[in-house]
Amino acid sequence: MKHKIIIATSLGVSSGIIFGLALKYLTPQPWSGRNIMYIKFPGEIFMNMTNSIILPLVVSTVISAVCNLSKSGPIGLMALCYYSMTTSIGIILSVVLTQNIRPGKLLNNENLTSNSTTKSFMTIDILLDLVRNLISDNLIKACFKQYQTVLEEPQNTTEVPIDEWIINYHDIPGTNVIGLVFFSLLLGIAANKLGEENRSLLNIIDSFSQAMMNIMHGIIMMAPIGAFFLISGRILEMQDFSLMFKQLGVYILTVFIGLILQGLLILPTLYFLMTRKSPYKIIMKLGPAFATAFGTSSSTATVPVTIKCLEEIGIDSAVLKFIVPIGATINMDGIALYETVGAIFIIQMRGLHFSLFKIIVVSITCTFSCIGAAGLPSGGYMMLIMVLNSIGVPVDDIALIIAIDCFVDRFRTTINIISDALGSGIISHLLANKYKQYKNSMPAEMQSLTNEVCK
């Protein structure tokens with residue numbers, strides 16, 4: 001019963017594959033588009049519910065996390081720098097892997113997705129649009145539209161350089177996630193400056209964030225049903241199912257290479273450079289936390305176990321009891337890597353021609369979205385839906401990734417745990433002498449009070 005979501009999702013995925021194959025190969029005539037639409041309808045309702053909850057979840061979680069970070073002094077500042085660094089490293093690693101392995105282009109077949117092309121653009125326009133979307137002029141519009149510069153080639157003239165094309169501006173469909181997260185960061189900082197006399201606002205934000213996470217958990221309970229119908233319909237749309245499995249195999253391999261490099265090489269190297277200590281002594285002590293991660297697929301669920309493991313190692317409890325819970329909310333190295341690989345994979349599958357700089361813009365969007373990724377089972381693909389919406393890429397093919405998400409989710413949650421644990425060790429090492437001097441200078445009563453607050 002503890003693993004009912006995992007078992008149910010696995011059954012939903014496998015049953016959807018079997019059901020789709022049975023309908024595809026055992027029925028005498030090809031399925032029409034309308035009949036496929038009927039099959040996919042319950043899955044579309046599930047996707048609609050998922051899309052409706054993502055925006056309030058991200059905004060409330062980011063505001064709550066920023067409030068907690070901004071009142072923590074040097075520990076919060078170091079944590080923010082560490083999380084930003086590790087997430088950025090994961091994003092860069094994802095771009096390097098996908099641009100070299102190219103899992104979406106390998107075995108690409110027009111039967112799998114519908115090809116389309118992108119409009120002509122200049123690199124500087126993309127950068128300026130990123131800043132314009134970062135500081136949105138209308139928060140309501142940012143919920144469903146984003147700003148984009150469009151270049152139109154002059155008609156009835158000889159060849160004109162692209163920098164002399166007519167410049168137009170359009171609001172294209174897609175959530176402006178960067179602008180909403182940026183506003184949430186500002187609101188979180190401003191709310192924290194109100195002081196304890198206005199603590200009621202912070203309590204409302206925290207309660208709203210928790211309520212959104214509860215709703216998200218309820219929606220995830222419906223994932224097996226949604227996956228069943230989405231995958232069945234997707235199989236009926238494909239003409240070469242075996243080719244898609246080969247392609248997903250390359251995608252899974254790319255994700256696993258990234259996770260292994262991030263969790264067992266890059267993060268340990270960063271820890272060693274900062275502390276001159278062996279990182280694998282910490283990793284080897286995280287066995288119970290890894291077991292919890294594989295069982296629950298949730299970063300949040302592993303927080304108590306991770307704290308207990310790190311306390312036994314000897315890491316300062318005042319540091320880790322702040323770092324680990326906050327890390328479960330905003331430190332999502334595994335999801336960042338998974339989102340970036342998944343987004344670029346779908347872009348490559350659809351034959352969309354994104355330049356390297358535009359891929360970097362997609363990666364930045366993934367980075368911002370990971371800040372609000374709740375530590376819930378299968379929360380990664382929900383953030384991926386938002387990223388694809390924000391860049392104007394259809395989310396139809398997300399069902400293919402959902403098919404293997406319950407398997408990959410456990411491994412990326414493990415990477416999140418490793419990142420939180422090593423981050424706690426780094427920050428504890430950097431603050432060790434300063435924190436000890438600060439505590440020793442306190443009166444005995446104040447030291448006792450500090451210990452109680454930490455607890």
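This briefing goes through the nonpolar cores, a surface patch, the salt bridges and the recorded transmembrane regions of the structure above. The model is predicted, and the values given here are computed from it. Its largest nonpolar core has 73 residues, and the structure holds two salt bridges, which link Asp137, Lys141 and Asp171 in a network.

**Nonpolar cores**

- Within the largest nonpolar core, which counts 73 residues, those with the most contacts inside it are Tyr251, Ile282, Leu286, Leu310 and Leu422.
- The element that gives the most to this core is helix H17, which covers residues 398-440 and supplies 11 residues.
- Apart from this there is a second, separate core of eight residues, and among its members are Ile54, Val62, Leu130 and Val181.

**Nonpolar surface patch**

- On the surface, Phe272, Leu273, Met274 and Leu430 form a nonpolar patch, and together these residues have about 360 Å² of accessible area.
- Helix H9, which spans residues 241-275, gives the most to the patch, with three residues, and Leu273 is placed in helix H9.

**Salt bridges**

- Asp137 and Lys141 meet through their side chains in a salt bridge, with an N to O distance of 3.7 Å.
- Lys141 also forms a salt bridge with Asp171, where the closest N and O atoms are 3.4 Å apart.
- This second pair links distant parts of the chain, since Asp171 lies in strand E2 (residues 166-173) and Lys141 in helix H5 (residues 139-142), 30 residues apart.

**Transmembrane regions from the record**

- An unreviewed UniProt entry lists residues 5-25, 45-67, 79-97, 177-194, 215-236, 248-274, 356-376 and 382-408 under "transmembrane region".
- In the model, the chain over residues 79-97 is 100% helix and 0% strand, and the C-alpha atoms at its ends are 27 Å apart.
- Over residues 177-194 the chain is 89% helix and 0% strand, with the end C-alpha atoms 26 Å apart.

Methods
Residues are numbered from 1 along each chain as its sequence is written. This is a predicted model: local features need pLDDT of at least 70, side-chain atom pairs count only at pLDDT 80 or more; totals for chains, interfaces and linings use all residues. Side-chain values use heavy atoms; hydrogens and water are left out. Patches are made of residues with over 30% relative accessible area and no salt bridge: like charges are joined within 9 Å, nonpolar side chains (Val, Leu, Ile, Met, Phe, Trp, Tyr) within 5 Å. Accessible areas come from the Shrake-Rupley method with a 1.4 Å probe; for residues, only the protein chains shown count as cover. A salt bridge is a side-chain nitrogen of Lys or Arg within 4 Å of a carboxyl oxygen of Asp or Glu. Helices (H or I, at least four residues) and strands (E, at least two) are DSSP runs, numbered from the N terminus. A nonpolar core is a set of buried Ala, Val, Leu, Ile, Met, Phe, Trp, Tyr and Cys residues joined through side-chain atoms within 4.5 Å. Buried means under 20% relative accessible area, exposed over 50%, partly exposed in between (1.4 Å probe, protein chains only). UniProt positions are given in the numbering used here, feature names are shortened, and annotations may be inferred rather than shown by experiment.
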